[in-house]
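Subject: Structure handover

Hello,

Here is the structure I promised to pass on. Please open it beside this email, and read the notes below with it.

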Amino acid sequence: AAGGGTDVTARILAEAMRGSYASTFIVENKPGAAARLAVEYVKNAEPDGSVMLLTPDFPITVYPYSFRSLTYDPVRDLTPVSPVTRSMLTFNIGPAVPESVTSLGGFVDWCRANPSKATFATTAAGGTPHFVGVMLANAAGVAITPVHYRGGAPALEDLIGGHVSASVNPVSEIRELAKSGLVRTLAVTGARRSLFLPDIPTMREAGYDVIVDSWTGMFLPARAPERVVDALNAAIGRAVASPRMIENLAKAGNAPAFEPPAQFAAIVKADLLRWAPVVKASGFIADD
């Protein structure tokens with residue numbers, strides 16, 4: 001959705017690649033169907049390099065297990081080009097939770113005492129943020145009801161408005177809100193603390209064995225010519241190495257990432273294997 005972390009990254013990248021890969025870029029947000037509409041759109045586009053997909057990892061690596069059926073196959077229907085950013089997720093609470101709650105353990109205790117109010121917002125049903133909440137609930141042995149939105153921006157609006165008690169979001173979406181005090185970030189999901197939120201503990205440090213590192217990556221439709229894939233990959237490499245893009249990504253709470261297409265394809269396949277048992281253990285299957 002517009003205003004979300006992927007949208008911000010797309011606009012930063014488009015500016016950095018303008019004049020390199022192409023003279024003009026149009027960032028077209030396609031929210032809906034838990035972010036699957038964008039993948040389907042690019043799957044059906046001409047593989048000439050004029051239409052590309054910038055997406056967080058979960059529609060590619062998690063959805064094959066969390067939806068009964070997909071209209072796309074992430075391996076067969078897309079060509080991996082390169083990751084663009086690496087990040088982690090955050091677990092945040094808002095004004096629906098008393099100010100006396102200042103830790104993840106405190107929130108878990110509050111959920112036990114207030115089961116009807118124990119909710120967390122996600123950017124899509126069956127996505128990585130959803131499963132972070134599920135894994136936390138399972139690790140803590142407490143019920144926390146997920147509430148799904150069409151993107152990070154509307155989820156955070158309801159968190160700030162007190163309509164949900166918690167929300168799982170990328171660092172890029174929460175960083176400035178956490179600094180302003182509008183939300184309270186209780187933990188990050190990385191194996192180590194975020195460079196952008198160094199005072200926030202990891203979920204493991206908080207006592208819950210939940211580790212999720214994420215990427216946002218660029219894809220082309222299947223059958224894209226190798227020369228087009230290589231040209232886009234080279235343009236991304238130049239962009240993410242530029243001081244201006246590094247600075248702009250840092251402001252948004254993201255670290256730049258880059259890999260050759262073959263290496264990125266290997267990362268995607270490894271993540272597909274990693275998420276399969278997690279989703280299966282959760283027992284979640286999306287309705288559609």
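How many salt bridges does a search of the whole structure find? The search finds 12. One caution before the details: this is a predicted model.

**Salt bridges**

Start in helix α1, which covers residues 5-17. Asp7 and Arg11 both sit in this helix. They are four residues apart, about one turn of the helix. Their side chains form a salt bridge, with the closest N and O atoms 2.8 Å apart. The two partners are placed in unlike surroundings. Asp7 has a relative accessible area of 9%, so Asp7 counts as buried. Arg11 has a relative accessible area of 41%, so Arg11 counts as partly exposed.

Helix α8 holds another pair, Glu176 and Lys179. Here the spacing is three residues, again about one turn of the helix. The closest N and O atoms of this salt bridge are 3.9 Å apart. Glu176 is partly exposed, at 47% relative accessibility. Lys179 is exposed, at 57%.

Asp209 and Arg204 form a further salt bridge, at 2.6 Å from N to O. Both of these residues are exposed.

There is also a network. Salt bridges link Lys43, Asp73, Arg76 and Asp77. In general, side chains of opposite charge can pair when their charged atoms come close.

**Asp77**

Take a closer look at one member of that network. Asp77 lies in the loop between α4 (63-66) and β2. Is Asp77 buried or exposed? Asp77 counts as buried because its relative accessibility is 11%, under the 20% cut-off. The side chain of Asp77 makes a polar contact with the side chain of Arg76, at 3.3 Å. Setting aside neighbours within four places in sequence, Asp77 is in contact with Lys43, Thr71, Tyr72, Pro221 and Ala222. Of these, Lys43 also belongs to the salt-bridge network.

**Glu173**

Now go back to helix α8, which runs over residues 171-180. Glu173 lies in this helix. What is the nearest side chain of opposite charge to Glu173? It is Arg11, 12 Å away. Glu173 is buried yet has no salt bridge. Arg11 is the residue that pairs with Asp7.

The side chain of Glu173 does have a polar partner on the backbone. One of its polar atoms lies 2.8 Å from the backbone nitrogen of Gly5. Beyond four places in sequence, Glu173 is in contact with Gly4, Gly5, Thr123, Gly152 and Leu156.

**Arg150**

Arg150 is found in the loop between β4 (145-148) and α7 (152-160). Arg150 counts as exposed because its relative accessible area is 56%, over the 50% cut-off. Leaving out residues up to four places away in sequence, Arg150 touches Ala1, Pro31, Gly32 and Thr123. Thr123 is also among the contacts of Glu173. Which backbone atom does the side chain of Arg150 reach? The side chain reaches the backbone oxygen of Pro31, at 3.3 Å.

**Arg223**

Arg223 sits in the loop between β7 and α9 (226-241). Its phi is near 70°, a positive value in a residue other than glycine. Most residues other than glycine have a negative phi. Arg223 is also exposed, at 68% relative accessibility.

**The second largest pocket**

Finally, a pocket to look at. The second largest pocket holds about 260 Å³ of space. Its lining has 13 residues. The closest to the centre are Arg86, Ser87, Met88, Ser194 and Ala255. Which elements each supply at least two residues of the lining? They are β2 (78-93) and β7 (213-221). β2 gives the most, with three residues.

**Where to begin**

I would open the views in this order:

- Glu173, for a buried residue that has no salt bridge.
- Arg223, for the positive phi.
- The second largest pocket, with Arg86, Ser87 and Met88 among the residues closest to its centre.

Best wishes

Notes
Residues are numbered from 1 along each chain as its sequence is written. This is a predicted model: local features need pLDDT of at least 70, side-chain atom pairs count only at pLDDT 80 or more; totals for chains, interfaces and linings use all residues. Side-chain values use heavy atoms; hydrogens and water are left out. Buried means under 20% relative accessible area, exposed over 50%, partly exposed in between (1.4 Å probe, protein chains only). Lys and Arg count as positive and Asp and Glu as negative; His and the chain ends are not counted. A salt bridge is a side-chain nitrogen of Lys or Arg within 4 Å of a carboxyl oxygen of Asp or Glu. A polar contact is a pair of N or O atoms within 3.5 Å; within protein, one must be able to donate a hydrogen and the other to accept it, and residues adjacent in sequence count only if both atoms are side-chain atoms. Contact means heavy atoms within 4.5 Å. On a 1 Å grid over the protein atoms alone, a cavity is a set of points where a 1.4 Å probe fits but cannot get out, and a pocket is an open set with protein on both sides within 12 Å along at least five of seven lines; lining residues have an atom within 4 Å of a point. Grid points are joined across faces, edges and corners, and a volume is the space filled by probe spheres set on the points.
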